[in-house]
Amino acid sequence: MSDETLSNLLKEERRFEPPAQIAAAANLTAEAYDRAAADPQAFWAEQAERLDWDRRWDRVLDWDDAPFAKWFVGGRLNAAYNCVDRHVAAGRGDKVALHWVGEPLDDTRDITYAELQDEVCRAANALTDLGVRTGDRVAIYLPMIPEAVVAMLACARIGAPHTVVFGGFSADALASRLEDCQAKVVVTSDGGYRRGSASALKPAVDDARAKTAAGGHPVEKVLVVRRTGQEVAWDDAVDVWWHDAVGGASTEHTPESFDAEHPLYVMYTSGTTGKPKGILHTTGGYLVGSSYTHWAVFDLKPDTDVYWCSADIGWVTGHSYVVYGPLANGATQVMYEGTPDSPERGRWWQIIQDYKVSIFYTAPTAIRSFMKQGREIPDGFDMSSLRILGSVGEPINPEAYIWYRHVIGGDRTPVIDTWWQTETGAIMISPLPGVTAGKPGSAMTAIPGVSSEVVNDEGEPVPNGSGGYLVLTSPWPAMLRTIWGDDQRYKDTYWSRFAKQGYYFAGDGAKKDEDGDIWVLGRVDDVMNVSGHRLSTTEIESALVSHPKVAEAAVVGAKDEDTGQAVCAFVILREDAGDGGDDIVAELRQHVRKEIGPIATPRQIMIVPELPKTRSGKIMRRLLRDVAERREVGDVTTLADSSVMDLISAKQDEGRTEE
Ligand code: WT7
């Protein structure tokens, strides 16, 4: 972050007090901060009471083997039972769990908790019939359809950790995840609807399956939901239709209870090295963390609120705030399959109006794209049902915050900027809607039960008014337990930077303002944040270098008005590739799409003769970022050859492609 950004933040003086009505009836009030700080474990035990346990825990936290935590030691529970059955048992079976909205107009389904219970039981029986046993991994590669939620809960019900792979990822990205967690079964669909047309998913699974077979860990069965009705290649030995296997299964299924530390899911996320990290979350602590935060931060009133989180289930936000948090809390929520602008630009606002959504949770990248389209579109809808707005994924710029509050929330709604990560499992730093006087652009303070700090290189807290590294200073129930299959990488990545203090290093830079409130500034490592999703520079570089014409590649994240950051690549071609041909840029973009997925497609690819390197051979990304952002190139004195930057700067306008 530049000094200019820092001083802009300092000038922000607007404050928004919590609305009196929300404050008066808030789920969590100011007293919780002190109470939680005085005895965090007692506070978390109290939060754990919101779940149904088959066996209570003996100990809240076992941190003896730090950084390997055990929460609610000895406790036993079933996550699916907590998200579904217990609401039915409590007489709320007729309550709508999901108002599902398909992208094609009028393609909707309302699913009650009782119906969800039947579906989850059927799917649990079907997965068992397909040979899935407790501990086996199941991959889920589906669009935003109810079956995605059902499949996740069915896995949880039988103790088979799921790994949901975002439907926008390519066959190669899917294959590497299938291989890493050695998935036995994949749940997918023929396709899904996006931007008004049916797009296929099953072919990517077929491709990925062929790759995993070569790797020695074949996927045994593929369970296929029919969503679009498009043609699919079929292998009778492997492929099974969902409507046959699940449709034909019994709705009776007795949930078994699992240890609180039983693996619930693995979610892959980008790190600084090429290979995505399989973040492991376990059952008890994760469910406590996701349900507590969903109740406290969104002030959920399950009897009256209609909640909508626009995140895809392929990301952690979809896990914690579409599936586990809201369902554990018995919420009624909207789930939408498609894009915000299909068939028209007002689609999201139409949905808010139709279902009287009262709590809405989305990402700054979406808010900025709506700002660009103009307020006339949302102004055409009645969104007076909204009472709380949430934001997640990247820093929300003050202008976007104000627009969100004013245009979408009619100035009634607090905007809750929630900071967290795939690794944290649940919201860590956020205002509370009934307590906090919000500042546009600030995530404010750690929520009750969580403790954060901003520290310098030595791990000492920085004074108010300065910046440093964001850390979490004590363990929390929804924390990741490890990186799947790689305990050492888990220690190195998160716990070695401030090992002396025992702090969790989040990889983000942050600033404390004069009041001590936190402003998250973004990643301090080589990880980009594109549209609220982490992408690793190394992963994209590896994809580029796997193209036969490429010798070397360096990728940086450049500031982008719409997506926060955009991927910019600098590529050196192999000698035998000459100038690469007229279509080289398009070819390379297509290649990255294929290797990783559309989200990783570079906005700009510059074919350069050299890359700026230090004498020890390290690429100086800082200088490349200057070029990508069309700034004057900074200090080049540590370069092995200071003239290379002139050659690279000359290319700064080349290879830009607007999608
Ligand atoms: C990274 C985590 C959390 C679910 C979505 C992304 C950035 C996230 C905020 C926020 C500023 C934020 C951070 C973080 N981030 N929320 N409110 N303000 N930055 O999950 O892919 O694990 O990415 O997203 O850089 O480390 P993720």
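# Ligand shell and sheets

Reader: How far does a polar side-chain atom of Asn529 lie from an oxygen atom of the ligand?
Author: This is a predicted model, in which local features need pLDDT of at least 70 and side-chain atom pairs count only at pLDDT 80 or more, while totals for chains, interfaces and linings use all residues. Residues are numbered from 1 along each chain as its sequence is written, and side-chain values use heavy atoms, with hydrogens and water left out. For Asn529, the distance from a polar side-chain atom to an oxygen atom of the ligand is 3.4 Å.

Reader: Which elements give two or more residues to the shell around the ligand?
Author: Elements here are DSSP runs, at least four residues for helices (H or I) and at least two for strands (E), numbered from the N terminus. Those giving two or more residues to the shell are H12, S20 and S25.

Reader: Which residues around the ligand come nearest?
Author: The shell divides into six nonpolar, seven polar and five charged residues. A residue counts as near if one of its heavy atoms lies within 4 Å. Of the 18 residues around the ligand, the nearest are Asp417, Thr418, Thr422, Asp508 and Arg534.

Reader: Which strands stand at the edges of the seven-stranded sheet?
Author: This open sheet has the order S5-S4-S17-S16-S18-S19-S20 with mixed pairing, where two strands pair if DSSP finds at least two bridges between them. Each edge strand has a single partner, so one side of each is left without a neighbour in the sheet, and these strands are S5 (108-112) and S20 (415-418).

Reader: Which residue in S20 stands opposite Gly390?
Author: Strand S19 (residues 388-392) runs parallel to S20, and four bridges join the two. Helix H12 (residues 316-328) lies across S19 as well as S4, S16, S17 and S18. Opposite Gly390 in this pairing stands Ile416.

Reader: Which strands are the edge strands of the four-stranded sheet?
Author: The order in this open, antiparallel sheet is S21-S22-S24-S25. Pairing on one side only marks its edge strands, S21 (452-455) and S25 (518-523).

Technical notes:
Contact means heavy atoms within 4.5 Å. Axes are lines fitted to C-alpha atoms, for helices over the stretch in contact, and angles run from 0 to 180 degrees between N-to-C directions. A polar contact is a pair of N or O atoms within 3.5 Å; within protein, one must be able to donate a hydrogen and the other to accept it, and residues adjacent in sequence count only if both atoms are side-chain atoms. Ala, Val, Leu, Ile, Met, Phe, Trp, Tyr, Cys and Pro count as nonpolar, Asp, Glu, Lys and Arg as charged, and the others, Gly among them, as polar.
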